[in-house]
Amino acid sequence: MDNHFDVIVLGTGLTESITTAALSKAGFKVAHIDPNPYYGADEASLSLDELAQWVDHHKEDNYSVAHYGEVPPHARQYSVSLAPSVIPSIGPFISSLIASGVSRYGSFKLLGRVVIYDCGILKDVPQSKDDIFQSKAMSLVEKRRVTRFLMFAAGEFENSKDLHGQENSPLLGFLQRKFLLSEATARAITYALGYCYFISETTLPALHRIRAYLKASGRYGSSSFLVGYYGGSGEIAQGFCRAAAVSGGVYILGRSITSIASVDPAEPEYPVLTSDLPRFAIEVDDFPDRLHCRCLISSTTLLPGHLRTVADVIRPSISSCSSPRPFAMARCIAILDGPITLPSDTKDSGTSETSDSSLIVFPPGSLEGGSPISAVHVVTAGPGTMSAPSGKGILYISMPLPSNSIHSAEILLQPYLTAVLLLFQAEKQQKTLIFSTFYMQELASCAASTSDSLVGLLAVPSLSPHTTQGVDEAAMVAEVIFRKAANFLKGERKELFNQGCEQNGFWPLLVEMEEGVGHDVQW
């Protein structure tokens, strides 16, 4: 195998996989390496037996991991996500899925109900005007106030008098002061329409999210969100890797990276690719020769310390992504013996459609023994997305942590798992917990880039753990990385990239790809 590449990408997380597909389709020679034997890295979709192996491996590394129950039969019929998320129907990620053609490698469906936990019951959250006026839980005056707010949030609110001076105030208080909403309605909008994670989240970023999600409603159906089949983002990351391989990308999985070094191009040991650019050499376990590249893109978790401090760290820059980034995520995956259908409350909503893919939101302080400062999301999945065999269900419970916690993920999340199971019992839906695991997902931090950043070294931060926002952030970061890498790789391809970029944007036109000219596409 030729061991010289334009770009080497380390890690097959969603951001890295989108980037690799874009670079490969643009005609660059790319190698994509991951020490794990599966695609997706920390966002992987695993079968239950693979999840059990993952748990055992992380226990050896002294991670905060615990699991209960035996792996059930037909373990390979499960596709379990390490970082569950939903896909906004309008946004950078869905645009990349469609424009790249990767959407043809997977299947998707609308997210079912979005409900909020309130005083021991689940209440549907109105997502449109029709939902508001069909609801019997709000008075007519309250419905008018909510409608006025939604019209405000869907418009150009940036220069509004209502917002002036309130941009950095908590959204919950803003809704009650400016729109006179009841506390219950304000909490529903804050945590299940703006999807704020923390009680202190400010108004402006949340309004940007709300506007984006209101615009997304109706594109494919009543919901603003889609869910992917076979575990979600991990399966989609594999789809982008497949697209990269079709365009000539080279893949190396399950081999540990033994060393990464910046190499002086003047050293005679290495052939000079470009005399004025630094280069990198990567040693991979059980490979006889080093791999060389002109540009190195890496997950921050795979970079050694001496390179992490000089890497150009890529971060999203749009206002809707400026919410506080958690220190870590406490997560739980629970397998239930029984299909999941949420308890219905027909008095509160005109919605009667059943789906095993839903989102339950626990606002801060809503559950005794739960978190007083963090909202908790519970995503449900099942055979409707080919994530579990018939008659089984999956619960994903996620809690963002603003700082390091002295408690384990199990202690933090057990009250929420118990509460959800009690809700099912109250509806005479007998659900037996057959397997569960609790773990702490630490989000790798990386210092901001400095003027001393090593040219050609780009670092990818951990994917945003936000349930509704993470995939859009991945697409935005991937596009920034692609443009920086392509600009760095000088020569004739750079000119083609600059010319094509003005015409076609991030991805080539689908018609060009379908005609089989992907290798010659001008970006």
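# Helix crossing and open sheet in a predicted model

Helices α1 and α9 cross in the left-handed sense. This description rests on a predicted model, in which an open sheet of eight strands with mixed pairing is also found. Helices α2 and α7 are placed against strands of β4, β16 and β20 and of β8, β17 and β18, respectively.

**The pair α1 and α9**

- The axes of helix α1 (residues 14-25) and helix α9 (residues 233-246) come within 8 Å of each other, and their crossing angle is roughly 20 degrees.
- Angles under 35 degrees count as roughly parallel, and α1 and α9 are therefore described as roughly parallel to each other.
- On the α1 side the contact is made by Leu14, Ser17, Ile18, Thr20, Ala21, Ser24 and Lys25, while α9 contributes Ser233, Ile236, Ala237, Phe240, Cys241, Ala243 and Ala244.
- By residue class, the contact of α1 with α9 comprises nine nonpolar residues, four polar ones and one charged residue.

**The eight-stranded sheet**

- The strands of the open sheet follow the order β4-β20-β16-β19-β18-β17-β8-β9, and their pairing is mixed.
- Strands β4 (65-68) and β9 stand at the edges with a single partner strand each, so one side of each is left without a neighbour in the sheet.
- From one strand to the next, the twist averages 20 degrees.
- Within the sheet, strand β16 (residues 328-337) pairs with strand β19 (residues 392-401) in the antiparallel sense over ten bridges, and Ile335 stands opposite Ile394 of β19.

**Helices packed on the strands**

- Helix α2 (residues 48-60) packs on the sheet, where it touches β4, β16 and β20 (432-442), and its direction makes about 140 degrees with that of β4.
- Helix α7 (residues 183-192) lies across β8, β17 (359-362) and β18 (376-381), and runs at about 130 degrees to β8.

- Strand β8 (residues 114-118) pairs with β9 in the antiparallel sense over four bridges, and Tyr117 has Leu122 of β9 as its bridge partner.
- The two strands β8 and β9 form a hairpin with two residues between them, and Cys119, which lies in the turn, has a positive phi of about 55 degrees.
- Strand β9 (residues 121-124) has a covered face made up of Leu122 and Asp124, whereas Ile121 and Lys123 belong to its uncovered face.

Conventions: Residues are numbered from 1 along each chain as its sequence is written. This is a predicted model: local features need pLDDT of at least 70, side-chain atom pairs count only at pLDDT 80 or more; totals for chains, interfaces and linings use all residues. Side-chain values use heavy atoms; hydrogens and water are left out. Buried means under 20% relative accessible area, exposed over 50%, partly exposed in between (1.4 Å probe, protein chains only). Two strands pair if DSSP finds at least two bridges between them. Axes are lines fitted to C-alpha atoms, for helices over the stretch in contact, and angles run from 0 to 180 degrees between N-to-C directions. Angles under 35 degrees count as roughly parallel, over 145 as roughly antiparallel, 65 to 115 as roughly perpendicular and the rest as oblique. A crossing is left-handed if the near helix is turned anticlockwise from the far one by less than a right angle, and right-handed if clockwise. Contact means heavy atoms within 4.5 Å. Ala, Val, Leu, Ile, Met, Phe, Trp, Tyr, Cys and Pro count as nonpolar, Asp, Glu, Lys and Arg as charged, and the others, Gly among them, as polar.
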